Amino acid sequence: LDFLDSSRKGAVVGEMDSIVHQIHTLSTQNESDLKKLKDFLRHEQETLKANASQIDQALQALDPVQCTLGTAFLLQAQLSAGFFSNQRATFAFICNFLQVADGQQAKKAASPMTAVCKSFAQLAIDLGQGGMLRSLKPLRSALEKLQDTPETLTPVHMEFLRVCLKVKVYHIAAQLLDHSAIYDIAVSTGSGNSSNSPAQVTPQSFLSFFYYAALVRIGTREYGKAIQLLLVALTCPASCLSAIQADAYKKYVLLCLKVHGDVKPLPVYTSHILQRYSKSSSYVLEIAEAFKSSDAAELQRILEEKQPAIEADANMGLAKQVLSSMQRHKILTLTQTYLTLSLAEICAEAGLPGTTEAEEMLFDMISEGEIKAKIDQKTGNVSFEDADENLDVVMMQKLEDKLSKIMEISQRISWFEQEVVTSESYVRKTSLLDMSAERQVGAMSYDVMDM
């Protein structure tokens, strides 16, 4: 038995030595060598998983920069098998690897690199706040290496935002969003073995990215940007309702009430599935009805009655802000109707408990630039002023920046449209659809005439 055990151990060591030797031999700058290495390691995945206990030792024999592709495959197998001789040591190794990895090889090993990043993000969450904070720089470095261009969305974007949200470092996530305008997504070539394309963005990771990005903007109190991000998730084509879109719609309604004072209709190109869901009974629609009628007591009753459901969706904070914003929107309405009101009259109209609360809210709204008003402390009267319609230099610069961005996006859309209509695949498919439509019109001419 001892002899058999020794033979098995020798065989395992021999297999790993052979794999490490191949990695060393084929880790060159030659495209052909890297392709051979990738095909070899993909074929050896089951062997690697079966010998996961030997991977730590094998990794020590590899240079993470020169052997990035091989290291990624070994780490993927180890993390997939869930075998760690020392979890914290493995975490530290991956932290260093993601930062020093060779960008060219990382792209060629996009699939295992993405899998490593996903497992690494979960490992960081399991290790707590310290682990999550340490993981952010490596994850940011990895997603940049996996991008074909700085405008490409990868699955690692979602993992980075997920960790940021867990540890509540919204400002770090916001830096990524501010400097990463997304105009493209990472897709596979369909062959399943692409060597120059990052791992494919799935519908779930696409929706998750924009949903998480909206949560980040809520965390930084940039509510207008959060609404726009939620709309991207909500208007994504769908043949069935996604749980992410359902959650996104609830937050969309609450944010619209807070920011605009009413629920903005979804765009006409929103899927009929989501359009139908938006009309179904839910606590957000009840909140919207109470808000519309300016019934603070009814809104408070809904929050108390639906508390379990609201808390389950993690929307209680937003819902309470809606209650507060209802009073602010009421004051905004008063500024459009009256020139002067007493604090007592504002209390009565906005449903505030007393003049002190009314004064505090007015001060806050004035400081936030929501209204222009003066409070006479002696008489207790509030004089509302018209907003300054003169555009200053700063505002003119903002308008110029916005117009410049609009022109850039317009040019991009024109370029994308030209790329699509000249695509052989697109022309072939539309031709088939046109032929099918002609046959249907001929077969159903009565229905067409009847319309």
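Student: Before we start, what is left out of the side-chain values?

Tutor: Residues are numbered from 1 along each chain as its sequence is written, and this is a predicted model, where local features need pLDDT of at least 70, side-chain atom pairs count only at pLDDT 80 or more, and totals for chains, interfaces and linings use all residues. Side-chain values use heavy atoms, leaving out hydrogens and water.

Student: What pLDDT does the chain average?

Tutor: pLDDT is the predictor's confidence in each residue, from 0 to 100. In this chain, 88% of the residues score at least 70. The average is 84.

Student: How many contacts beyond four places in sequence does the model have for residues 189-198?

Tutor: A contact means heavy atoms within 4.5 Å. Over residues 1-11 pLDDT stays under 50, and the model has zero contacts beyond four places in sequence there. Over residues 189-198 pLDDT also stays under 50, but the number of such contacts is 19.

Student: How many helices and strands are there in the chain?

Tutor: Both are DSSP runs numbered from the N terminus: helices are H or I with at least four residues, and strands are E with at least two. The chain has 24 helices and five strands.

Student: What share of the 451 residues is buried?

Tutor: With a 1.4 Å probe and protein chains only, buried means under 20% relative accessible area, exposed means over 50%, and partly exposed lies in between. Of the 451 residues in the chain, the buried share is 41%.

Student: Which element gives the most to the lining of the largest pocket?

Tutor: On a 1 Å grid over the protein atoms alone, a pocket is an open set of points where a 1.4 Å probe fits, with protein on both sides within 12 Å along at least five of seven lines; lining residues have an atom within 4 Å of a point. The largest pocket is lined by 33 residues, with Ala181, Ile182, Tyr183, Phe210 and Ile409 nearest its centre. Elements giving two or more residues to this lining include helix H11 (170-178), helix H12 (203-219) and helix H22 (393-421). With 10 residues, the one that gives the most is H22.

Student: What is the volume of the largest pocket?

Tutor: Grid points are joined across faces, edges and corners, and a volume is the space filled by probe spheres set on the points. For the largest pocket, that gives about 1,700 Å³.

Student: How many residues in the lining of the largest pocket are nonpolar?

Tutor: Ala, Val, Leu, Ile, Met, Phe, Trp, Tyr, Cys and Pro count as nonpolar, Asp, Glu, Lys and Arg as charged, and the others, Gly among them, as polar. This lining has 10 charged and four polar residues. The nonpolar residues number 19.

Student: Which helix gives the most to the lining of the second largest pocket?

Tutor: This pocket holds about 490 Å³ of space, and its 14 lining residues include Tyr223, Lys258, Arg328, Glu368 and Glu370, which lie nearest its centre. By class, the lining has six charged, five polar and three nonpolar residues. Six residues come from the helix that gives the most, H19.

Student: Which residues does Tyr252 touch, not counting those up to four places away in sequence?

Tutor: A nonpolar core is a set of buried Ala, Val, Leu, Ile, Met, Phe, Trp, Tyr and Cys residues joined through side-chain atoms within 4.5 Å. Of the 110 residues in the largest nonpolar core, Leu74, Leu161, Tyr252 and Ile287 touch the most other members. Tyr252 touches Ile227, Leu230, Leu231, Leu234, Lys264, Pro265 and Leu266.

Student: Is Lys168 buried or exposed?

Tutor: Lys168 lies in the loop between helix H10 (155-167) and H11. Its phi is near 60°, a positive value in a residue other than glycine. Because its relative accessible area is 60%, Lys168 is exposed.

Student: Why is Ser294 partly exposed?

Tutor: Ser294 lies in the loop between helix H16 (283-292) and helix H17 (296-305), and its phi is near 55°. Ser294 counts as partly exposed because its relative accessible area is 44%.

Student: What separates the C-alpha atoms of Glu385 and Lys374?

Tutor: Glu385 lies in strand E5 (residues 381-385) and touches Lys372, Ala373 and Lys374, not counting residues up to four places away in sequence. Glu385 and Lys374 are 11 residues apart along the chain, and their C-alpha atoms are separated by 7.9 Å.
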